[in-house]
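Q: I am new to protein models and would like to learn how to read one. Can we go through some features step by step?

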Amino acid sequence: MDGLSVGSLYALIALGYTMVYGVLQFINFAHGDIVMIGAWLSFWICARLGWAGNDAPPSLARAAATLLFAMVVCGTLGFLIERLAYRPLRSAPRLNILITAIGMSLLLENVGQLPIVFGTENQGMPGLLPKETLLSVAGVNITLIDVLIIGCSIALMAGLNHLVYSTRLGLAMRAASFDTKTASLMGVNINRTISLAFVIGAMLAAAAGFLYAVKYTNLNQPAFPTWILLGLTAFVAAVVGGIGNIRGAMIGGVLIGLLEKFGTAYVSSSFKEVYVFSILILVLLFKPTGILGSARVEKV
Amino acid sequence: MPLLELHNVKVRYGAIEALHGIDLNVEQGQIVALLGANGAGKSTTLRTVSGLLRPASGTVLFDGKPIQGLPPHKIVELGIAHVPEGRGIFANFTVDENLAVGAYTRSDKAGVAADRERVLEMFPRLRERLRQNAGTLSGGEQQMLAIGRALLARPRLLLLDEPSLGLAPQIVRQIFALIRRINADGTTILLVEQNVHMALDAASYGYVLEVGSIAMHDFPATLKTSDQVRKAYLGVA
Ligand SMILES: Nc1ncnc2c1ncn2[C@@H]1O[C@H](COP(=O)(O)OP(=O)(O)OP(=O)(O)O)[C@@H](O)[C@H]1O
Ligand SMILES: [Mg+2]
């Protein structure tokens with residue numbers, strides 16, 4: 001159960017990597033930092049609104065408002081990052097934009113550490129949701145928070161799945177992801193499609209950040225390695241599922257989450273990262289394009 | 001007034017100039033053939049008209065209005081559809097989805113449905129394969145899909161880049177018959193071809209590109225008898 005909820009967080013984050021890769025063939029290294037910002041924004045808004053005290057009662061409405069706030073702000077941030085940092089480099093050599101993405105990642109972490117932003121102290125996320133255990137089956141605790149995380153992730157992913165596979169806009173996104181030039185000849189506005197990928201990706205990352213904060217409550221300071229590892233693991237999930245493939249990212253995320261938790265529970269908890277990266281190596285060895293990935297025909 | 005006019009259009013790929021200032025007109029209702037050897041700049045010309053490339057200088061007028069520098073999606077909306085070299089089929093989409101992307105700019109559902117029906121009637125093989133992945137189609141079927149998809153944008157000007165490339169002679173004849181029919185139904189066509197004979201037979205006017213410049217332009221009957229064209233492209237010594 002824990003594996004499933006962590007896995008759905010990885011899936012939410014992996015979607016952002018995979019959507020951007022789909023249209024730009026570019027790994028957005030700053031994507032993991034949006035998760036951190038989403039988590040910290042959730043804390044920040046609660047603190048601002050006086051919802052942070054230990055005596056503040058759990059409230060689903062407050063949790064939903066916090067989630068919405070984090071998603072909207074991060075969506076805007078994702079839009080601005082693409083618009084201001086990446087778009088001017090669209091026709092520059094690939095390396096320039098990769099380096100810019102790494103720079104953007106460091107920038108977000110450092111700005112996050114500024115005293116007037118989030119600061120360098122760890123913080124405790126208020127208990128917006130009741131810490132209830134719903135069921136205890138054979139020593140496995142099913143908590144309300146895990147159920148809500150999974151439910152919320154499923155709802156978001158179902159929404160995305162509908163958008164991408166059953167709407168006109170989704171058709172345009174998939175066309176652009178397969179072949180940007182031809183899609184533009186069909187009338188697809190490529191810049192708008194790329195913006196959309198960044199905005200949706202950042203909103204899902206913000207949701208993951210919020211859910212992460214609610215689950216673990218201890219928020220590490222913005223530049224702490226746990227955040228980087230969280231982003232990296234989700235990236236591995238995207239690759240394992242087949243980068244560029246939306247359903248692949250969902251499957252990859254859940255798979256990695258389950259594997260990590262089973263490995264930790266039944267083998268040893270000190271090798272958490274080892275499981276993740278071994279599965280990456282295995283997948284790359286036997287199916288380099290990922291579980292659902294297909295070989296991209298290089299255009300001459 | 002011609003439907004499409006190019007004035008002194010220069011196009012560069014980085015430091016290399018691929019078009020050295022070309023002039024070209026396409027009159028409403030015509031099929032105009034654009035001929036030339038490999039690397040002459042035929043595809044570059046079409047890409048410039050459809051907005052995939054921006055000219056370094058010069059003007060491109062569609063219906064008298066400048067369109068150079070507009071992004072491709074705006075140009076499709078104005079009524080120019082480009083079937084690119086290599087067809088640009090979305091191989092992981094079904095045939096039906098490919099057609100749907102072709103109609104992306106349009107919101108008149110009834111009109112799209114009618115045009116889709118017209119395309120399927122014109123290309124019966126596509127109707128049999130609507131749910132099939134487009135990547136599994138034969139080369140000829142893919143070319144038909146690419147043309148049918150472009151027609152769903154309801155273009156006034158259709159740009160075709162080597163539609164006969166790599167296809168068996170019988171299929172090439174079918175494709176040319178369809179090109180004539182599309183033109184007879186009212187769509188103006190700018191046709192890039194290496195199959196000079198068939199292109200000149202279908203066209204009402206022709207241009208010959210040589211390394212980025214228009215070497216000659218004339219009526220097909222004249223071009224066919226010109227020594228220059230005969231030697232270079234019709235395999236006559
Ligand atoms: N993407 C590109 N980058 C750099 N140079 C290019 C590019 N595309 C084409 N060229 C060059 O521009 C010139 C014209 O190419 P273009 O593709 O327009 O020729 P073409 O007449 O369509 O030839 P073909 O019959 O082989 O399709 C060639 O010298 C080609 O090498
Ligand atoms: Mg060409």
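Q: What percentage of the 237 residues in chain B do buried residues make up?
A: Start with the term: buried means under 20% relative accessible area, exposed means over 50%, and partly exposed lies in between, with a 1.4 Å probe and protein chains only. In chain B, buried residues make up 54% of the 237 residues. A word on the source: this is a predicted model, where local features need pLDDT of at least 70, side-chain atom pairs count only at pLDDT 80 or more, and totals for chains, interfaces and linings use all residues. Residues are numbered from 1 along each chain as its sequence is written, chains are lettered from A and ligands numbered from 1 in the order in which they are written, and side-chain values use heavy atoms, with hydrogens and water left out.

Q: How many helices and strands does chain B have?
A: Helices (H or I, at least four residues) and strands (E, at least two) are DSSP runs, numbered from the N terminus. Chain B has 10 helices and 10 strands.

Q: What share of contacts in chain B joins residues at least 24 apart?
A: Contact means heavy atoms within 4.5 Å. Take the contacts in chain B between residues at least 6 apart in sequence: 67% of them join residues at least 24 apart.

Q: Which residues does B:Ile67 touch?
A: Leave out residues up to four places away in sequence. B:Ile67 then touches B:Val49, B:Val60, B:Phe62, B:Ile75, B:Leu78 and B:Ile80. B:Ile67 lies in the loop between strand 5 (65-66) and helix 2 (72-78) of chain B. With a relative accessible area of 3%, B:Ile67 is buried. Now compare sequence with space: B:Gly51 is 16 residues from B:Ile67 along the chain, and their C-alpha atoms are separated by 8.1 Å.

Q: Where is A:Ile200 found, and is it buried or exposed?
A: A:Ile200 is found in helix 8 (residues 190-216) of chain A. Its relative accessible area is 14%, so A:Ile200 is buried. A:Ile200 touches A:Met19, A:Leu160 and A:Leu163, not counting residues up to four places away in sequence. A:Met71 is 129 residues from A:Ile200 in sequence, and 9.0 Å away in space, C-alpha to C-alpha.

Q: At what angle do helix 1 and helix 6 of chain A pack?
A: Two packed helices are described by the angle between their axes and the distance between the axes. Axes are lines fitted to C-alpha atoms, for helices over the stretch in contact, and angles run from 0 to 180 degrees between N-to-C directions. Helix 1 (residues 2-24) and helix 6 (residues 168-178) of chain A pack at about 60°, with axes 6 Å apart. That makes helix 1 oblique to helix 6. The cut-offs: under 35 degrees is roughly parallel, over 145 roughly antiparallel, 65 to 115 roughly perpendicular, and the rest oblique.

Q: Which residues meet there?
A: A:Met19, A:Gly22 and A:Val23 in helix 1 of chain A meet A:Met173, A:Ala176 and A:Ser177 in helix 6 of chain A.

Q: Which residues are linked in a network of salt bridges?
A: B:Arg106, B:Asp108, B:Asp115 and B:Arg154 are linked in this way. B:Arg154 lies in the loop between helix 6 (139-151) and strand 7 (157-161) of chain B. B:Arg154 has a positive phi of about 50° although it is not a glycine.

Technical notes. Salt bridge = Lys/Arg side-chain N within 4 Å of Asp/Glu carboxyl O.
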